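The sequence and structure are shown first.

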Amino acid sequence: MFMVSVSVLGIGKYTYPSIGDENTERGNWANKREYLLSMIGYAVGLGNIWRFPYLAYKNGGGAFLIPYFAMLLLNGIPLYFLESALGQFCSQGPINLWRMVPLLQGVGIGTVMVSLVISIYYNTIIAYSLYYMFASMQSPLPWSDCFSWADSNCNTGQKQCITLMGSCPFPGQCNLTQENTTCPPTNISVGMQSPTEQYWDRVALQRSSSLDETGSIVWHLALCLLLSSVIVTAALIRGIKSSGKVVYFTATFPYVVIIILLVRGVTLEGATDGIDYYIGTQSNLTKLTEAEVWKDAATQIFYSLSISWGGVITLSSYNNFHNNMVKDTLIVTITNSATSVLAGFAIFSILGHMAHIYKLPVDEVVTEGFGLAFIAYPDALSKLPISPLWSVLFFFMLLTVGLDSQFGGIEVITTSLTDAFPKVFKSKHGLLTLATTCFLYLLGLPCVTEAGIYWVTLIDKFAGSWVLLILAFFEIVGVSLVYGGNLFIKDMEMMIGKRSFGFWLWWRACWFFISPCIISVIWSVVTFVPPTYGGVPYPDWGLALGWCILAFILMWIPLVAVYKLIKAKGSLRERLKFLCTPSEEWRPYLNVHRGERYSDDRYLQKRNPSNTLEVDVNVISSSRL
């Protein structure tokens with residue numbers, strides 16, 4: 001009998017599976033709603049709000065939806081389905097699932113390292129959102145004018161050349177007569193800036209001039225970072241049993257705010273101009289002939305669904321064995337993409353109003369990332385009646401979106417540790433969660449110094465970009481070619497029942513050919529551009545540190561492979577064959593689901609029929625294809 005015993009502090013010794021769970025050792029989602037809301041919350045991240053709308057505008061407006069949804073069909077849905085099925089079949093996290101191909105277990109470790117590093121990034125973004133949400137609880141908004149915190153370069157009239165798109169980091173140096181303005185790099189205090197820009201740099205971030213000048217800790221951000229860690233710890237104290245209840249609010253509230261902002265936005269003057277630039281009459285179909293557009297569509301689908309982050313596998317591992325993950329995959333992936341499109345309408349309608357007020361073209365107020373979330377959009381909201389209300393709603397939405405992604409990232413870490421060391425951590429999930437969030441808080445302190453924004457940008461550039469392509473490529477090749485796509489289909493049919501050849505034809509085409517080719521093509525056209533922030537280049541040691549972050553994520557793939565080859569017995573070919581064959585532990589978690597295919601006697605005989613290491617020298621047998 002599994003009972004929940006919690007200490008006075010709520011972090012003591014307990015086990016969180018419930019009596020009604022199918023898997024009473026690991027636990028399951030309380031119901032299907034909690035799982036779907038958690039998956040939607042994890043998928044719908046900041047990129048849906050501050051990256052997709054800009055990419056659509058940049059790549060032809062409405063025309064961009066054609067490659068975007070094509071990549072969803074060809075790459076996003078198949079890979080998401082693959083990861084969901086993997087986690088659900090073995091009921092294990094992203095490290096232990098590679099018992100299917102022990103040689104590639106380093107891929108699983110790499111995905112956990114991605115979640116570890118990205119969690120530092122997300123924790124900081126949540127801290128930014130908390131600070132701005134609290135700062136919005138006053139009237140007038142503190143960035144609505146050049147108040148006492150501003151310097152002589154603050155200009156509320158916006159008559160200087162202001163290009164939020166990033167071509168001119170120091171707007172006061174721009175030439176108003178030029179269509180494409182540029183300006184010389186100089187100290188950040190030189191040049192005219194809007195109040196929102198100065199508030200972001202001088203008050204919120206207290207930004208230093210470069211990564212070389214770390215400066216002191218910005219204490220209001222450090223306290224917000226601490227509050228973020230406390231919120232995440234409280235939500236995950238009982239694992240999915242507690243986070244599953246929290247997502248009823250955090251996964252649905254962003255939609256309420258998006259709809260409210262959209263309804264308000266479309267009623268403003270200039271809103272139609274913004275929407276036209278988004279996916280309206282300003283759409284440019286000729287953009288479809290450019291390879292860059294298709295690359296942006298593929299990468300946006302890839303990153304927005306959090307493929308290779310480990311979260312999809314981890315959250316799916318708590319499903320009941322016979323859950324229909326095909327239906328779930330379609331619901332989550334389509335909802336994620338629809339959210340991106342909907343958020344774009346809300347963003348561009350208000351940016352259109354902002355352009356109308358400043359009497360500027362819409363393309364001069366459009367930006368992405370931090371510039372959109374903490375400069376352009378707050379500026380636009382400050383021009384609305386009852387501006388504190390709209391501002392609080394917007395930053396509270398960013399907070400909930402960030403929290404859902406952070407929940408998934410933390411769960412990846414704690415689940416992987418619990419699965420690897422069940423005797424140590426299974427009864428101490430609360431303490432493990434607390435230790436994880438405390439560790440991430442300490443790692444996040446450099447991100448809330450005066451040079452913190454440079455650290456955040458560095459993490460985003462090296463840990464949240466094309467490194468994921470490498471992990472995804474190993475993942476799909478490992479499953480489809482090494483383990484065997486047909487074998488994996490048989491595994492899935494144990495969960496969802498026998499399906500026709502026609503049903504699997506599309507999935508086979510994607511897993512064996514289309515998705516690996518798309519990943520390879522994306523990888524071939526990716527070019528490294530040294531990161532900058534606000535026009536400030538990174539020092540050589542900063543770039544070297546970024547490459548070290550990337551190496552820290554990927555090094556586990558060769559290290560684990562070499563280690564296992566050394567520990568195995570036999571000739572090199574025999575070791576390779578042995579490590580490319582599923583281990584004895586690769587099977588459904590519960591005996592009742594293993595059937596004849598994974599019964600102990602049959603499975604051991606299949607793995608080593610002669611009770612020796614005399615095996616076929618072919619590493620990948622044709623039966624796996």
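Helices and strands are DSSP runs numbered from the N terminus, with at least four residues required for a helix (H or I) and at least two for a strand (E). In these terms, α15 gives the most to the lining of the largest cavity, contributing four residues. The model under discussion is predicted.

**Cavities**

Four cavities of 30 Å³ or more are found when the whole structure is searched. The volume of the largest cavity is about 90 Å³.

The residues that line the largest cavity are W29, S38, G41, Y42, I240, S243, V247, L315, D404, F407, G408 and E411. By class, this lining comprises six nonpolar, four polar and two charged residues.

**The annotated position**

In an unreviewed UniProt entry, the annotation "binding site" covers V44. V44 lies in the loop between α1 and α2 (46-50). Is V44 buried or exposed? The relative accessible area of V44 is 7%, and V44 is therefore buried, the cut-off for that class being under 20%.

Which residues are in contact with V44, leaving aside its neighbours within four places in sequence? The contacts of V44 on that basis are Y255, N336, T339, V401 and S405.

Technical notes
Residues numbered from 1 in each chain as written. Predicted model: local features only at pLDDT ≥ 70, side-chain atom pairs only at ≥ 80, totals over all residues. Heavy atoms only, no water. 1 Å grid on protein atoms, 1.4 Å probe; cavity = no way out; pocket = protein on both sides within 12 Å on 5 of 7 lines; lining within 4 Å. Points joined across faces, edges and corners; volume = space filled by probe spheres on them. Nonpolar A, V, L, I, M, F, W, Y, C, P; charged D, E, K, R; others polar. UniProt positions renumbered as here; feature names shortened; annotations may be inferred. Buried < 20%, exposed > 50% of the residue type's maximum accessible area, 1.4 Å probe, protein only. Contact = heavy atoms within 4.5 Å.
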